[in-house]
There are 2 protein chains.
Amino acid sequence: MTGRRPSLAVVGATGVIGGVMLQILSEHADIWGEVRLVASPRAAGTKLVVRGEETEVLPLSEDVFDGVDVALFLVPDEVSAQWGPVAAGRGAVVVDDSAAFRMDDDVPLVVPEINPHAARVRPRGIVASPSCTTLSLIVAVGALHAEFGLRELIVSSYQAVSGEGRDGVAVLREQLALVAGTELGTRPGDVRRAMGDGDRSPFAAPVALNVVPWAGTDAGDGWSSEELAIRGECRKVLGLPGLKVTATCVYVPVVAAHSMSVHARFENEVSVARAHEVLATAPGVVLFDSPGAGDFPTPSDVVGTDPAWVGRVRQSMDDPHAVDMFICADNLRKGAALNVAQIAESVAGEFSRT
Amino acid sequence: MTGRRPSLAVVGATGVIGGVMLQILSEHADIWGEVRLVASPRAAGTKLVVRGEETEVLPLSEDVFDGVDVALFLVPDEVSAQWGPVAAGRGAVVVDDSAAFRMDDDVPLVVPEINPHAARVRPRGIVASPSCTTLSLIVAVGALHAEFGLRELIVSSYQAVSGEGRDGVAVLREQLALVAGTELGTRPGDVRRAMGDGDRSPFAAPVALNVVPWAGTDAGDGWSSEELAIRGECRKVLGLPGLKVTATCVYVPVVAAHSMSVHARFENEVSVARAHEVLATAPGVVLFDSPGAGDFPTPSDVVGTDPAWVGRVRQSMDDPHAVDMFICADNLRKGAALNVAQIAESVAGEFSRT
């Protein structure tokens, strides 16, 4: 590597995804110069360990981006919307994990295994990373698309509560503590009565001993925002504006790792054997598919790992162009911090070559 | 009602579904003469309350069916396979909840809201009730089929552990007690390590803080037996041998009530407004679909209730002939005991008219 080491800012360093990002920065090859940790003024001042060094968290401000080459935003949409352009205006390349810019025509939406080149063209100085639900399925689906030509996706999610950050995990743990050792869950409404609806809960219904078929906000015509996000983001990342995509998003009482039941229809015929070959060699994918031997991915198997794990690959009995599969990926790693880190590492190459 | 009251045997009275059946017999209009409770010799001798009376459980034998008009079998497949024909041979009409006869050409497979007439033609003296997964979706789907002409179903399940009887519920509760109050669920494999794979567990992986994409046995080509059961049973009940059906079956840590994410394609165009009209008036269905107001069904809302609850009805953005929806139904009531009771009550009408 020639040239200087680029400097990095991690905005949202004290959050759940920020914590995973600090782990990743400590694990991956160290290509960065200064690493500046940033959080809201309320959380600033605490010290966190990154790359083995205790580092004080700085309060978010315009000046904090001075001299920063790459700024990672791991914060809520509204914080990214306000501060992302500020950091870009100060000359940093912004890599944003929020939904604020994902569908902006002047912001590339990047999954390095699929469209790494897209990160090079960024009219607003911002690169966006897809939602955790899109990321949990798109690496595997993208590999199959390259081989068979994707035409349609019909997906149902089994989403982990950490998709709603610390509050999501705390609410599940509180609700589980209430029901553990009780007979709750066998009479109508008793789980909801015992748990209340919890002002603090990010979920529209109890999530312990339950599933909640609603994620995000009301996007009209009965769709949730997360369901339309999967549609828009898959189309944008894969460069397929006419791709048919139908998603149903459901929270399940799992701490971390999203699962997706995927029905994918292609232009060409797809056999399980050929799909296995493609998935077994695809970057970022682990094929784990021998259900008779108990080999299929579950959230508890994949949490803390980087790849998307794919199993239950079956050719449709009605359509030789379609396969069904079950995919699990850690929503905090590939679904968030890891994909942002991968984008940042590819952008860093531009600096090291200057 | 004229004529005599038919006599009833409940085989498997001491099981989970048997317990729900005794509740239903006590709640519904009392049309039965003698009600004989039957179980394996091991469980016989205990006393259970039905219709307000303590009743001793008799051991399963050939003689126990003497004088029985209708025999309900709420037992494992192999017990039904052996004893169903014995009861039929003694003159009882057998209504079987197991998988033993569901796909037998000489055994009708009946959902009273959809094909009640089919129960009248029973060459083997046996009527079968579909699996709990099929039953959780078919009443709503059947109502839409009658109006719009069903062509294809693509479904993903969120199945409750009581689908595996008492062992399923016990294993979930044990695993929940292990993880409640711990940090388990956030590191790779830790749930599996803490719980072991449990000789007694009917699940192929831990089910607390997890989802398990496998139900039943290996049916070949990557499919589980439960996935193919949904396909075969929907075709048979709806009388659509060419219906396209793809199912992915997944257990979730819910005690009771199965949920299904359903993508249904019809011959005719389907608007949400028309689908709502059909579902709102369909017998055995509750429409609960105002997600902006928090109104969508979850397992904890529907457990203990009779109907299938339907929400999240959306017209496909890619195909005006397709709708997506989310359906929840109690797997022990409509999914098992209730459907068997409904079949038995329709058969009882034959006796009361003699």
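Predicted model: local features only at pLDDT ≥ 70, side-chain atom pairs only at ≥ 80, totals over all residues.
1. **Extent of the interface.** Chain A puts 72 residues into the contact, and chain B puts in 72 residues. The area buried between the two chains is about 5600 Å². Carbon and sulfur atoms give 59% of that area.

2. **Make-up of the chain B side.** Strand β10 of chain B, residues 244–248, gives the most to the side that touches chain A, with 5 residues. By class, the chain B side holds 36 nonpolar, 21 polar and 15 charged residues.

3. **E227(A).** This residue lies in helix α6 of chain A, residues 225–238. Is E227(A) buried or exposed? E227(A) counts as buried, because its relative accessibility is 1%, and the cut-off for buried is under 20%. Its side chain has a polar partner in chain B: a contact of 2.6 Å joins it to the side chain of R312(B). Within chain A, a polar atom of the E227(A) side chain lies 2.9 Å from the backbone nitrogen of C249(A). Leaving out residues up to four places away in sequence, E227(A) touches G222(A), A247(A), T248(A) and C249(A), along with R312(B) and R314(B).

4. **The largest nonpolar core.** This core has 156 residues. Which members touch the most other members? They are L137(A), L153(A), V262(A) and M325(A), with L137(B), L153(B) and V262(B). Take V262(A): beyond four places in sequence, its neighbours include L137(A), L153(A) and M325(A). V262(A) also touches V141(A), I154(A), V155(A), V323(A), D324(A) and I327(A).

5. **C234(B).** Helix α6 of chain B, residues 225–238, holds C234(B). With 0% relative accessibility, C234(B) is therefore classed as buried. Its contacts beyond four places in sequence are T134(B), L137(B), I138(B), L153(B), A229(B) and L243(B). Two of these, L137(B) and L153(B), are among the core residues listed in the previous point. For a sense of distance within the chain, C234(B) and D30(B) are 204 residues apart in sequence and 31 Å apart in space, C-alpha to C-alpha.

Definitions and conventions
Residues numbered from 1 in each chain as written. Chains lettered and ligands numbered in written order. Heavy atoms only, no water. Contact = heavy atoms within 4.5 Å. Buried area = accessible area lost by both parts, 1.4 Å probe. Helix = DSSP H or I, 4+ residues; strand = E, 2+ residues; numbered from the N terminus. Nonpolar A, V, L, I, M, F, W, Y, C, P; charged D, E, K, R; others polar. Core = buried A, V, L, I, M, F, W, Y, C linked by side-chain atoms within 4.5 Å. Buried < 20%, exposed > 50% of the residue type's maximum accessible area, 1.4 Å probe, protein only. Polar contact = N/O pair within 3.5 Å; in protein donor to acceptor, adjacent residues only side chain to side chain.
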